[in-house]
Amino acid sequence: MEKPEELVAISDPGEVGRAEHNRGDRFVVFISNIAAWLFPILMLAITAQVILRNSGMNQAWLDDLQWWLYGAAVLVGVGYAVTTDSHVRVDIFYEGFADEKKTRINIFAIGWLFLPFIVLSWDVTYDYALSSIRADEGSDSPNGLHNLWILKVFMNVAFIFIGIACWAAVIRNIKRLHPPKLWRQLWGTFPGTFLILNLAIYYGLLIIATLTAPEGTSARDIRRGPLFGEVEFGNYEVTYTVLATIILTPLLILVLRAMDKTRKTGA
Amino acid sequence: MLEFIGQFLTLNEIAVIAMFLTFIWMLFRGIPVAMALVGVSLVFVLIAEIFLDPNRSLFRDIIDFERVGVDYQRLGALSGRIFGSTVKNPVLVALPMFIFMGLMLDQSGVAQRMMQSMQKLFGGLRGGLSLTVMLIGIILAASTGVIGASVTLLGVMALPAMMAQNYSKPIATGTIASAGTLGILIPPSIMLVIMSDQLAISLGDLFMGALFPGLILGALYITFIVIYGLIRPDAMPAPEKTEEVGWPVVKEVLLAVVPPMFLILLVLGSIFAGIATPTEASGLGALGATMLALVNGRLNFKVMKEVSRSTLNTSGYIVGIFLAANFFAFILRRYDGDAIIEGLVLSVANDPYTIILFILFIVFLLGFLLDWIEITIIIMPLMLPIIQGLGLEADIPDFDQVAEPVVTWFAILVAVTLQTSFLTPPVGFALFYLKGVCPPGVSIADIYKGVIPFVLLQILGLFIVFEFPALVTWLPSVAYGN
């Protein structure tokens, strides 16, 4: 029987299965290990505020700092939990599945379900962050922490971080079954790849359109320009960017697959 | 076909049912909850945008259908929701801090010290070990992490000692499982933090409201153990040789019990006296637990580092569910799902109390499958408008101080129900955590047998809270210097 101290001893979540970690996983763990120190800092910030306020020296910026620190840390934590495979699941049946099935479920859950949501969240928070910068958004409280845009930009970057964590986790899982060739990675993250390609085309076109647009054209007009226009398919209106992506994504995967010489030899 | 179904259901209702069924199917496949939630939502965004909305005039000829109206533009509204629910959320600051406090408390060795010293004090008594476990469970309720930490901790500490003293296996395991689950109710509890966020009620009110119900349950347990020991002395035999209980033992117990009591006082007292907000109390508690570890000589760089990293990991997956549930709720609302569910629940009965009992029963069943994190984050927001619309304001005393007496009372009822659910065979969570640390020779059947009386006591406790709502709402009304 192990001693109680040993059984309740916690381990470092980032160290579990370290040998299997790839570069992406290590990067996520590295950043998370730094972010973890925000919690002791948060603890001290809270204590300082309680003491200061009760001695009549209220620091409104410390109130803001609390949720700044918390928000920054937990956003990193979401990615960390992907890497450490800690996201809670119902395991009554999962426990009994063969390892290969577990791996496939993980690839599907992370690559096909979670990653597209993360890419989507990145996209919607991108404009949100930009408009916060433009408005030079401040705090609700006059003495609070201003420059709220820093946090909003951080949130946007955090989604890239979570995306990296997802991608790395998919590679790690694919590796258990096959060599993680690029086409397998793209297939394992198909909806995510689709969205990323779509965004790349969209923002690429947007940059070109903005650079070539005559002086004084509003951003709104550029976004509605002919470059993005749409085609009618019965009831559906599909923009050019989506159309291009629908063709490009499968094409890319198929071409990469054909170029993969090891595939036929079964290596 | 669709025409036939259309006589009973609208297309939106069918979609909402399909949404929940897909979600449950994904869960059973072992897809993590957060990922299943976003997955279902994304699939139903596509279904609405590609299939349902463009063909709405076709559908409307045969079945009722409200336009869903989700498209990429509208998803832009998510940005504010993501920021507001997960980042700019001062109440949730308490979440990682209480997790930190619990993990640190586990590392600080206070539980082991309490066990050793209290064992000496109560050791000569019949059922002394059971009482010890129960008291530690109540005092250390704070250390309940998200992962059944206290059941595991109590199990490894106390079970070998109880076996050595020839306790009957059912009573030993029943005591540990029930003492361990008290933690999700007795403040400071992480579950109450999340409830307060999801139900938009004051965390201070919830903490104060949970105190009496938690203590009543603890008292019920202790009474049961004492009576059981009198009726069936052979189930909890007193040890053959006992140490003299003198001043040194009492002093040792005091030295072991005072520090954790001080920590509880620090957290709850600062809220009660209005010195700190509940969120700030979590930070004070985290610092207090760190100090305890320091005093006990358990604090070093490695412990600090690992506690911080585990806190990040745990709060990370909880916030992951927050993010996902937010998206899910957004899409569900576009499908008119919240109104559909509200209608469904309200159609069960006319009497508001029957409706509450019905909701509690559903929560009880869900507790077999899901942890409290998912239940509070996914289900509670859907129940909030129903509870507020029941018109119970006149029945639940608010003592002119409590802002949302009905919701606060309901939240505590849900907490007690979940606790019961985690204890109930055959699939209660606590039982499996305990089984995981049982010495060989203790079977799952022993555990099942052992928890039955405690489940009955839980139901009695639930009934008491249900009948006397003032037990919940009185303490908040006199707290924090109102």
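Guide: Happy to: this is a predicted model, where local features need pLDDT of at least 70, side-chain atom pairs count only at pLDDT 80 or more, and totals for chains, interfaces and linings use all residues. Residues are numbered from 1 along each chain as its sequence is written, chains are lettered from A and ligands numbered from 1 in the order written, and side-chain values use heavy atoms, with hydrogens and water left out.

Visitor: How many residues of chain B are in contact with chain A?

Guide: Contact here means heavy atoms within 4.5 Å. On the chain A side, 74 residues take part, and on the chain B side the count is 75 residues.

Visitor: What area is buried between the two chains, B and A?

Guide: Buried area is the accessible area (1.4 Å probe) that two parts lose on being put together, summed over both. Carbon and sulfur atoms give 75% of it here, and the total between chain B and chain A is about 6700 Å².

Visitor: Which three residues supply more of the area that chain B buries against chain A than any other three?

Guide: Together they supply 11% of what chain B buries against chain A. The trio is B:Met35, B:Arg309 and B:Leu312.

Visitor: Which residue of chain A meets B:Glu280 in a salt bridge?

Guide: The rule asks for a side-chain nitrogen of Lys or Arg within 4 Å of a carboxyl oxygen of Asp or Glu, and it finds 2 salt bridges across this interface of chain B and chain A. For B:Glu280 the N to O distance is 2.8 Å, and the partner is A:Arg53.

Visitor: Which element gives the most to the side of chain B that touches chain A?

Guide: Helices are DSSP runs (H or I, at least four residues), numbered from the N terminus. Several give two or more residues to that side of chain B, including helix H3 (33-52), helix H15 (278-295) and helix H16 (301-334). With 19 residues, the top contributor is H16(B).

Visitor: Inside chain B, are H7(B) and H12(B) roughly parallel or antiparallel?

Guide: Axes are lines fitted to C-alpha atoms, for helices over the stretch in contact, with angles from 0 to 180 degrees between N-to-C directions. The axes of H7(B) and H12(B) come within 9 Å and cross at roughly 175 degrees. Angles under 35 degrees count as roughly parallel, over 145 as roughly antiparallel, 65 to 115 as roughly perpendicular and the rest as oblique. H7(B) and H12(B) are therefore roughly antiparallel.

Visitor: What joins B:Pro187 and B:Pro188?

Guide: B:Pro188 sits in the loop between helix H11 (169-181) and H12 of chain B. Omega is about -5 degrees, and the link from B:Pro187 to B:Pro188 is a cis peptide bond.

Visitor: Where is A:Asp136, the non-glycine with a positive phi?

Guide: Most residues other than glycine have a negative phi. For A:Asp136 phi is about 50 degrees. A:Asp136 lies in the loop between helix H5 (99-135) and helix H6 (148-175) of chain A.
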